[in-house]
Amino acid sequence: MLGAIALGIAGVAVPGSAAIAQTSAESAVVERFWVFENDNFGGGRKSYTGTDRNFENDEWDGTSRSVSDGTSSVDNNTSRFVVLYANRAEPGETNCTGGQYTSQPWTADSDLSNNNFDNRADCAVFR
Ligand SMILES: [Ca+2]
Ligand SMILES: [Ca+2]
Ligand SMILES: [Ca+2]
């Protein structure tokens, strides 16, 4: 109700400003898949906005520690299924291999231990 009123006012008062506001709102919405070093979304964190088939060249934000084989919890803040694999894609290859863990859209998992996937992820594929 309030939003509709505000939009109406903006549209009437300054037609151009509505388009500008819409553009900045769209650019602000970037869906991110977060992985965390510890259970309960603790420790280092790293986000992905698309498929990344090699965690070995990634570091937890603000650290020099590799993301490889360290993920203990995840927060899927995207509309996509994200499949984690235990083995990255080998150089020249396009497929990740090994054990898998599937994260459903808009869900979080505070502990991958009960999924037999603690400290195993080396690759994330957005479906
Ligand atoms: Ca990477
Ligand atoms: Ca860990
Ligand atoms: Ca779990």
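**View 1. Strands S1 and S2 run antiparallel and are joined by four bridges.** This view, like the others, shows a predicted model, in which local features need pLDDT of at least 70, side-chain atom pairs count only at pLDDT 80 or more, and totals for chains, interfaces and linings use all residues. Residues are numbered from 1 along each chain as its sequence is written, while chains are lettered from A and ligands numbered from 1 in the order in which they are written. Strands (E, at least two residues) and helices (H or I, at least four) are DSSP runs, numbered from the N terminus. Two strands pair if DSSP finds at least two bridges between them. Find Trp34: its bridge partner in S2 is Ser47.

**View 2. Strand S1 also pairs with S3, in the antiparallel sense over five bridges.** Arg32 has Asn77 in S3 as its bridge partner. Strand S3 (residues 73-77) pairs in turn with S6, antiparallel over three bridges. Here Val74 stands opposite Asp109 in S6.

**View 3. Four strands make an open sheet in the order S2-S1-S3-S6.** Its edge strands are S2 (45-48) and S6, and each pairs on one side only. Neighbouring strands are turned by 15° against each other on average, direction ignored. Such angles run from 0 to 180 degrees between N-to-C directions, with axes as lines fitted to C-alpha atoms, for helices over the stretch in contact. Strands of a sheet pair through backbone hydrogen bonds, either parallel or antiparallel.

**View 4. Three strands make another open sheet, in the order S5-S4-S7.** The pairing is antiparallel. Strands S5 (97-103) and S7 (123-126) are the edges, each pairing on one side only. Neighbours in this sheet are turned by 25° against each other on average, direction ignored. Strand S4 (residues 82-87) and S5 pair over five bridges. Leu84 stands opposite Tyr101 in S5.

**View 5. The largest nonpolar core has 16 residues.** A nonpolar core is a set of buried Ala, Val, Leu, Ile, Met, Phe, Trp, Tyr and Cys residues joined through C-beta atoms within 7 Å. Buried means that 20 or more other C-beta atoms lie within 10 Å of a residue's own; exposed means 12 or fewer, partly exposed is in between, and C-beta atoms are placed from the backbone. Among the residues with the most contacts inside the core are Val35, Leu84 and Phe117. Strands S1 (32-36), S4 and S7 each give two or more residues to this core. In soluble globular proteins, nonpolar side chains tend to be buried together.

**View 6. Leu84 and Phe117 touch each other.** Contact means C-beta atoms, placed from the backbone, within 7 Å. Leaving out residues up to four places away in sequence, Leu84 also touches Gln100, Tyr101, Ala121, Cys123 and Ala124. Phe117 lies in the loop between S6 (107-109) and S7. Phe117 is buried because 21 other C-beta atoms lie within 10 Å. Its contacts, beyond neighbours within four places, include Gly99 and Leu112. Phe117 and Tyr101 are 16 residues apart in sequence but 6.8 Å apart in space, C-alpha to C-alpha.

**View 7. The protein chain has two helices and seven strands.** Along the sequence, the pattern is α-α-β-β-β-β-β-β-β. Of its 127 residues, 22% count as buried. The average pLDDT, the predictor's confidence in each residue from 0 to 100, is 87, and 78% of the residues score at least 70. Over residues 1-14 the pLDDT is below 50.

Notes: Two residues are in contact if their C-beta atoms, placed from the backbone, lie within 7 Å.
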